[in-house]
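Let's take a walk through a structure together, one piece at a time. Have the sequence and the 3D view open as you read.

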Amino acid sequence: MAHAPHKYLHAFVAEATEQLEQLASELVRIEQEAPGGTLWDSIFRRVHSVKGSAATIGLSGIVAIAHAAETLIGKLKAQHARPERTHVDLLLQATDALVQEVQHASGTAHAPRADEGAPLALAARLAEASRLLPDGVPAPPPAPRIAAQKPVADPGTPRLDVAFSLSKACQAPGARSLIVQRKLKGLGVLLEMDPQPAALMQKKGGVRVTALLATARPTDEVRAAFEGIPEVEEIEVRPAPIANAPSPEPQAAEEGGAVRAVPDTAGTEEARTDATVRVRAQALDQLLDQAAEVLHGIARLREAARHLPENAAAQFEAEIDRLRRTARDLHSRVMNARLTPFSSLTERLPRAIRDLAHRLGKEVELEVQGGAVELDRTVIEALADPLTHLVRNAVDHGLETSAQRISMGKSVRGLLVLSARRERDKVLVEVSDDGAGFDGERLRQRAIDMGALSPDRLPEINEQQSYELAFLPGLSTRDEATDLSGRGVGLDAVKSAVEGLGGKIALRSAPGKGSRFTLELPLSVSMANLLLVQVGGELYGLPMTRIVATTEYDLSARGGEGFEARSLAVMGQLVRAYSLAKLFGLPSLAPPGPRPFAVLEVDGITFALSVDRLAGKKEAVLKPLFPPIDRIKGLAGTTVLGNGRPLLVLDPRGLHELAEVSQRLRGAA
Amino acid sequence: MPQRRVLIVDDALFMRNTLRDIFTAAGFAVAGEADDGVQAVNLFRELKPDLVTMDIVMPYKSGIDATREIVQHDPNAVVIMCSALGQESLVMEAIEAGATDFIVKPFRGEDVLAVVKKVLGE
């Protein structure tokens, strides 16, 4: 299908994703909460909201699942009892499937789904579960208040026969005929209506409805009353034969107040926060980049001001100072706008913990502290996997089974605490459990077996230091990793993720009492998209924001080896080409022949750098240079690669200056 | 004829955007948007729009309760419920509460405008 994506698809995806995340966590909570709360209403509303928007885009898989889930939720709510685990499992499964469908709609819409029929099959299972449930105890079908009461009219009032058809396209004939009924009641006494609106509910359009109206109004006026009602056609209004007048019957008692299908949920929701608007995260990133650019520009202006005559410099610098204060303020405001609460990380965890604990026959109580503590969005995003890993690890390896805990005199439920707190410019995130703790002896033994620790060093290592061995790559205290927390990701991966953010991780443990991971994280980080290039056997990063293109060119064919600077045609423009190896005095290990070039632009000047190899792209946290390498021209900062190795990030402006200097020197020589 | 002013009420931004486009393209002015029932009632009092499109299932206050309050405040208020398929009983409840008419999601722009023009007598 070659449909253009819906204009507001991104809004739908963002909203639906958020709703479904909340839905999953509420489903986990509903198992623990006392029945009769308003959580079901919130759950219902989330599914319903996703369904409505999905229907408008035409995402039929989502509509099918959501509709069936909605029905089941309604049934479960009516039970006024704690839901069974199988039902919650099924609804969680539906939530997962909806998430998948939303993801499918959002991006990978070209890739065919594994099983096109899966949504319908799931919807069928949800429907079956609904069917098997008994109807709610006080049977709360939101019956509309159309009582079967027989109204009476003055026998002297003329009667009108009214007939109309509901159009075939009418999707809610009950509601539509109720509107007609209301209209007719406003014109006189409606003595009969057949079928009654309630009887048309959930039926198809195209139905013919007849009515008997006692009214003194002319037929034309009654007919005209239909003009403002959509989906009604073939309207007939004519005086009724006298025989049609029905005899008055005892009036049925008006039905009691209609059952509220949608209870007022005020008070159950979290307190309303200040008005917010949804902003694409990318837009904030761009704003941040630009705010940083402004700061850099100001720094360059200040540098340039040094060459001004004395009298002009003072005023100029005063203005620059003012500008810099404003720019700093702007920068920190954008930084703050990117802050995300810690709770956004922990929201999904109860679900993961619940599933895992159930599978392992364990009881786990999760406590989250400091959910409101805010961290940079980049940190939050990068922390999601490591944190999940630590939590799974704690449930899988740290906490004992209920039986073991009882025999040791511990509480049946294992306690898992996730906390975040701010300390000056750092945020400390802790994951602690009251389980068995790490086994220092086993860790030492494994490290020796792996050759990571020399046996002669054993005496130097105390118990706490032994625990730190757990961060060594490939070291797991279990001989076989379980598929639950194993997944080929070890604590070493957690460590390098934390260090990649410019943070630190520490582990404290006590046998039989539990363990605690402490992650020390920076409050804010600046991310850079890097092009990795290799020169002289080393990798370097070039900021993608400065890269115009990459190309390949064989300069040796035009003048042999040893070129210093030449020109290169890039996109119809002649640009200067330099060898990155030469600029840094490094050996080039590339064989003669075509070489890759990175084409950069700085201050409107385009130039090309030859490298040995282009080694891909990488998003990394940029850390400032430390002395003495902060004095080297052409370097912008450092970062840590996924494998824990440091990487030097190059400064294109500095490189260009370096190139110009070497060019001049050569010219002078 | 002066430009008709509409208040769009829906808790989903996606739906509000979609409705906004439909109305704007048809020459209506979008007087305001609300994402829950409480805000809907407040904005109705403040903006006095010619027309309200009202979602049913929303946080804080349902579209039905909001409609009831709006109609109590102004018996001539034109409130069109935006319902999903399978919500007929809620729509009927909303009509009892005073809603003028309804549209059923998924809808096309022309469906919405057909109902709106009909109830506004255009």
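Predicted model: local features only at pLDDT ≥ 70, side-chain atom pairs only at ≥ 80, totals over all residues.

Buried residues in H1(B) are B:Phe14, B:Met15, B:Arg16, B:Thr18, B:Leu19, B:Ile22 and B:Phe23. An α-helix has 3.6 residues a turn, so residues three or four places apart point the same way. What covers the buried residues of H1(B)? The cover comes from both chains: it includes H1 and H2 of chain A, along with strand S1 (5-9), strand S2 (29-34), strand S3 (51-55) and helix H5 (109-120) of chain B. After H1(B) comes B:Gly27, and its phi is positive, near 90°.

That cover brings us to the place where the chains meet. Here, 38 residues of chain A are in contact with 36 residues of chain B. On the chain A side, helix H1 (9-30), helix H2 (39-57) and helix H6 (173-185) each supply at least two of the residues that touch chain B. H2(A) gives the largest share, with 8 residues. Sort the chain A side by class and you get 18 nonpolar, 12 polar and 8 charged residues.

Now look at how H1(A) and H2(A) pack against each other. Their axes come within 9 Å and cross at roughly 155°. An angle over 145 degrees counts as roughly antiparallel, which is why H1(A) is called roughly antiparallel to H2(A). The crossing of these two helices is left-handed. Among the residues making the contact are A:Phe12, A:Leu20 and A:Leu27 of H1(A), and A:Trp40, A:Ile43 and A:Val50 of H2(A). By class, this contact has 13 nonpolar, 5 polar and 4 charged residues.

Chain B has a helix pair to set beside that one. The axes of helix H2 (residues 37-47) and helix H3 (residues 63-73) of chain B come within 8 Å and cross at roughly 20°. That makes H2(B) roughly parallel to H3(B), because angles under 35 degrees get that label. The crossing of H2(B) and H3(B) is right-handed. Contact residues include B:Ala40 and B:Phe44 of H2(B), and B:Ala66 and B:Ile70 of H3(B). This contact has 5 nonpolar, 3 polar and 3 charged residues.

Leaving aside neighbours within four places in sequence, A:Ala305 is in contact with A:Ala313, A:Phe316, A:Glu317 and A:Ile320. One of these, A:Phe316, is 11 residues away in sequence and 7.2 Å away in space, C-alpha to C-alpha.

Finally, zoom out to the whole of chain A. It has 19 helices and 21 strands, and buried residues make up 32% of its 669 residues. Of the contacts in chain A with a separation of 6 or more, 71% link residues 24 or more positions apart.

Key
Residues numbered from 1 in each chain as written. Chains lettered and ligands numbered in written order. Contact = placed C-beta atoms within 7 Å. Helix = DSSP H or I, 4+ residues; strand = E, 2+ residues; numbered from the N terminus. Nonpolar A, V, L, I, M, F, W, Y, C, P; charged D, E, K, R; others polar. Buried ≥ 20, exposed ≤ 12 C-beta atoms within 10 Å, placed from the backbone. Axes fitted to C-alpha atoms, helices over the stretch in contact; angles between N-to-C directions. Parallel < 35°, antiparallel > 145°, perpendicular 65-115°, else oblique. Left-handed = near helix turned anticlockwise from the far one by under 90°.
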